[in-house]
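I am jotting down what I look up here as I go, one topic at a time.

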Amino acid sequence: MKAALISAPGQVEVTTVPDPTPGPRDVVVQVAACGICGTDLHILQGEFAPSLPIVPGHEFAGEVVALGSAVTELQVGDQVAVDPSLHCHECRYCRIGRGNLCQSFAALGVTVSGGAAEFAVAPVASCFRLPAGVSTTDAALVEPLSCAVHGFDVLGSHLADDFLIYGAGTMGLMMMELAKRAGAASVSMVDLNPARLETAKLLGCDNTVTSADELDYPYGWGVVVDCTGVVAAIEDGIPRVDRGGTFLQFGVSAEKAEARFSPHRVYNHEITITGSMAVLHSFERAGALFVAGALQPEVMISDRLPLGSYVEALEQFRAGVGRKIVVEPGRG
Amino acid sequence: MDVTTSTMRVSVLRGVHDLAVVERPVPTPGPGEVLVQVASVGVCGSDIHYYEQGRIGPYVVEQPLVLGHEASGRVVATGDGVAPGRADQRVSVEPGATCRQCEQCRAGRYNLCPDVRFLATPPVDGAFCEYLLVPAGDAHPVPDAVSDDAAALLEPLSVAVWSLRRSGVGVGTRVLVTGAGAIGLLTAQAAWAFGATEVVVTDVDEGRLAVARAQGSRTIDVSVTSLAEAGVEPDVLVECSGNARATWEAVGTVARAGRVVLVGMGGDEVRLPLSYVQDRELQLFGSFRYANTWPDAIALAASGEVSLDELVTSHHGLDDVEAALTAPARVPGTVKPVVHPGC
């Protein structure tokens, strides 16, 4: 089959690899679409993946075309979105119910072959069945949405809070959509890229600005979310948290990045600074939200490219052009 | 010895009051499984129920059943895909193998998995045997500070930990535990460890109440003094008796905005003072088994904050399972008989 393959740091190509074979409790998914994510760039830089080569791609959906010998829950022809998480169930963090913090971190498209290919193998337990009428090419959005749902699990309920979100990329826009659904009094977004702010405005964001200084919220914001991973944005955002409010680190910073904050203010105003990492018990709810129309895929997905253009897709993502970029193996 | 090619001794329940020790092949661990040489198995009320009546509700003993689900032991063989370093580990066995793919498992509430395969629940065999297959993630390593008996009793301690998590017991909470059986006594101990400022335990058995007092809890013999007379006003009631009248009386003492968690299994219908619940904004919770509790239970046992060994009141070999199952009825003061399948 045709697949993207990262063979060594900095080396990625679309090539031919053997068709995958399912284990007893796996299914083979014919990939309809696979999203590009920052994690894929990290893998290309030689990070995250314990060994290369690897077929990347952890945001994918498609149609079941083959079943392992012990699979009874799904049938050939079912449409599924796939949770890429593979928890070990043996380490300390799996034992306390925090599988997203698993010490033996493993995931489709990171440690084993993923969805940037014509076919991908997935454990049957990781498949969320999509009802008829839902586009599998759009359903590649379920995985990033499940990360956003976990972010809201970490935040807890914040009915009628004002939200300030840094970064109007795919994840920022998804957090904005969920904030509106979760009863936010208002959602404001900050981005330096006016094109991204236009999209946020189109999706109904209350305020879209290039600097939070332009906004008039004298008490600050009950919830501030960083979806950039950029230290300057983080340091701009933490002081804007209202008394008793929460700052959520959602964006992925460089591993060695350090940001400054005022510990006095954290103490004096009881500020919570917390983080959200990937997916935890949130994939099914994200699937249900997606089916319910929580996202507008035609807005969220800016580019749909053939699998043969995987390298170009990565380059475009790296350049920060567009929003969610997906490759569709069935296209062209 | 290559255990995988030999046989083992197994105690089977063939019918009501009908136990026998038989030889069976030692099972071979499949992918993701470990083989545990069983050291200690606590006797639970459910084991006694199957022995006395052959059923618990819809679960009926229709073929020979191995009882026992509170087990500890040592890993003697591992299947494919198991993390390295598991061989020779002393482990406590979490007895419910869950499916990991149903709605409840995927939501992180695996104790509510409808497809769980729970030890000693028909048709799944339990741990009154020399060797037991366990999913690797359900065989929890324990430190040397936790004895084999204590490692077995991490299962009922997990029930206690889960009920306290469910009801939000923490620093400064006043806790009432109704029923001083093994679960009630463990819940009282764990409540102190969770930071409770007051723990009151009720029962009608003076011997059990004496154990609770020795653990530092205040006790009330409700056959002598009613809760109302005793002037108890807990923030959290952990109901461990399953007794309808005890439940009714205890709910009516809970403080405003307090919580009630139902652990004990009694009748299907229990009267509740609902206007009291409404006026005081009480919250009622069910509590079923446990999820993700073993690391906490191990820490409580290893630190000595909860004493498990002192709850063990008798020891029995595999030929002596009947004596273990009948001890609570025969021997006053019995809290927890333990079976040692290797003896």
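Across which strands of chain A does helix H4 lie? I find H4 (residues 170–181) of chain A lying across S8, S9 and strand S11 (221–226). H4(A) runs at about 170° to S9(A). A reminder to myself that this is a predicted model.

**The sheet in chain A**

Next I looked up the sheet. Six strands of chain A form an open sheet, and I read the order as S10-S9-S8-S11-S12-S13, with parallel pairing. Which strands stand at the edges? They are S10 (207–209) and S13 (272–275) of chain A. Each has a single partner strand, so one side of each is left without a neighbour in the sheet.

S8 (residues 162–166) and S9 (residues 186–190) of chain A are joined by five bridges in the parallel sense. Which residue stands opposite Ile165(A) in S9(A)? I noted Met189(A) there.

**Chain B as a whole**

On to chain B, where I count 11 helices and 19 strands. Buried residues make up 51% of the 343 in chain B. Among contacts in chain B with a separation of 6 or more, 68% come from residues 24 or more positions apart.

**Helix H5 of chain B**

Does the length of this helix agree or disagree with its residue count? H5 (residues 182–193) of chain B has 12 residues, which at 1.5 Å a residue should span 16 Å; I find its end C-alpha atoms 17 Å apart, and that agrees. H5(B) is mostly covered, with 10 of its 12 residues buried. Among the buried ones I listed Ile183(B), Leu185(B), Leu186(B) and Gln189(B). After H5(B) comes Gly195(B), and its phi is positive, near 105°.

**Where the chains touch**

Last entry: how many residues of chain B are in contact with chain A? I get 14, against 13 residues of chain A. The elements giving two or more residues to this side of chain B are helix H2 (103–106) and helix H10 (294–303) of chain B. By class, I sorted that side into six nonpolar, five polar and three charged residues.

Terms used
Residues are numbered from 1 along each chain as its sequence is written. Chains are lettered from A and ligands numbered from 1 in the order in which they are written. This is a predicted model: local features need pLDDT of at least 70, side-chain atom pairs count only at pLDDT 80 or more; totals for chains, interfaces and linings use all residues. Helices (H or I, at least four residues) and strands (E, at least two) are DSSP runs, numbered from the N terminus. The expected span of a helix is 1.5 Å times one less than its number of residues. A residue is buried if 20 or more other C-beta atoms lie within 10 Å of its own, exposed if 12 or fewer, and partly exposed in between; C-beta atoms are placed from the backbone. Two strands pair if DSSP finds at least two bridges between them. Two residues are in contact if their C-beta atoms, placed from the backbone, lie within 7 Å. Axes are lines fitted to C-alpha atoms, for helices over the stretch in contact, and angles run from 0 to 180 degrees between N-to-C directions. Ala, Val, Leu, Ile, Met, Phe, Trp, Tyr, Cys and Pro count as nonpolar, Asp, Glu, Lys and Arg as charged, and the others, Gly among them, as polar.
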